[in-house]
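Biologist: I'm new to reading structures. Can we go through this one together, one question at a time?

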Amino acid sequence: MPAINATEPSHVTANGIRFAYHQAGPRDAPLVLCLHGFPDTALSYAQLLPQLAAAGYRAVAPYMRGYAPTGLAPDGDYSTTALGRDVLALIDALGARDAAVIGHDWGAYAAYCAANLDASRIRRLVLMSVPHIGGAVQSLRQLRRSWYIWFFQLSGLPERRVARDDYAFIDRLYRAWSPTWQVAESDLRPVKQALAAPGGLAAAIGYYRAMFRGSSRAGWALLSARTSPPTLMLSGAIDGAVGPEVFGRSREAFTGPFEFHLLPDVGHFPQREAPDELGQRILEFLARDTDGQ
């Protein structure tokens, strides 16, 4: 199956930001937005976009706000509320009435926040590798896994530490988070280039800082509110960033149809580690739009 064109992204302006994105499939087909997380780029979906296109969808993977070649947030806002608004604005800018949204990591937060802002615009949700805040089960073990989140709350030091030695910090995260995946330098080079762009690393770390420093009571209410569109949630069984036990109460965070699958021998990046299995599960789930399920 042909890969997407990784060298020539398209561009669209949405929510005051010029977004770069990769696309596969006809422009008049049902829209599926694929949102990446940290530390990643839209190329995370290089193998999934052609699968979606072959099944009759218009698959679009944008670089999230702050991740080059998408622009930085002009107001410095990297909150989950802003991310949710980006999703709705991208649907408009791409000329669609609604979309199915696939989100990984921060992209998952953006996806369900968009649904909580306006569920009528989100046909279906696929959420990967992070729990819904409204149904997360916390543990001491998970707090230890999340050490980097607390590290990122420091000022200045994280930027210096992450950038050291050609972003070796990123290599270590991938090895820890996806312990059985033999990640190649060619997979990580675009990630490092996005972080190395002017303002890129501060923006990526800014997502984490905004969750604690810049989140309002309304923002936390949006992030933790129950979500209504039909949802498929996926987690890797050997994810070194977010353990399977964290998803134990996930069903309670959704009011609509919900299913959860634990992917054996998969770490934090299912779309990279197991693209064929993931694609099959996602296509079966999206097909229920036409089946009326």
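Biologist: At what angle do α2 and helix α3 (residues 106-117) pack?

Modeller: Two packed helices are described by the angle between their axes and the distance between the axes. Helices (H or I, at least four residues) and strands (E, at least two) are DSSP runs, numbered from the N terminus; axes are lines fitted to C-alpha atoms, for helices over the stretch in contact, and angles run from 0 to 180 degrees between N-to-C directions. The axes of α2 and α3 are 7 Å apart, and the packing angle is about 70°.

Biologist: What kind of model is this, and how are residues numbered?

Modeller: It's a predicted model, where local features need pLDDT of at least 70 and side-chain atom pairs count only at pLDDT 80 or more, while totals for chains, interfaces and linings use all residues. Side-chain values use heavy atoms, with hydrogens and water left out, and residues are numbered along each chain as its sequence is written, from 1.

Biologist: What word describes how α2 and α3 sit relative to each other?

Modeller: Angles under 35 degrees are called roughly parallel, over 145 roughly antiparallel, 65 to 115 roughly perpendicular and the rest oblique. Their angle is about 70°, so α2 and α3 are roughly perpendicular.

Biologist: Which residues of α3 meet α2?

Modeller: Contact means heavy atoms within 4.5 Å. From α2 come T80, T81, L83, G84, R85, V87 and L88, and they meet α3's W106, Y109, A110, C113, A114 and L117.

Biologist: At what angle do the axes of α6 and α8 cross?

Modeller: Helix α6 covers residues 157-177 and helix α8 covers residues 200-212. Their axes come within 10 Å, crossing at roughly 135°.

Biologist: So why is α6 called parallel or oblique to α8?

Modeller: The crossing angle is roughly 135°. That makes α6, relative to α8, oblique.

Biologist: Is R209 buried or exposed?

Modeller: R209 is found in helix α8. Buried means under 20% relative accessible area, exposed over 50%, partly exposed in between (1.4 Å probe, protein chains only). At 12% relative accessibility, R209 counts as buried.

Biologist: Which residue's backbone oxygen does the R209 side chain reach?

Modeller: The side chain of R209 gets to 2.5 Å from a backbone oxygen. That oxygen belongs to L154.

Biologist: Where is T70, and is T70 buried or exposed?

Modeller: T70 lies in the loop between β4 (58-62) and α2 (80-93). A polar atom of its side chain lies 2.7 Å from the backbone oxygen of Y63. With 4% relative accessibility, T70 counts as buried.

Methods. A polar contact is a pair of N or O atoms within 3.5 Å; within protein, one must be able to donate a hydrogen and the other to accept it, and residues adjacent in sequence count only if both atoms are side-chain atoms.
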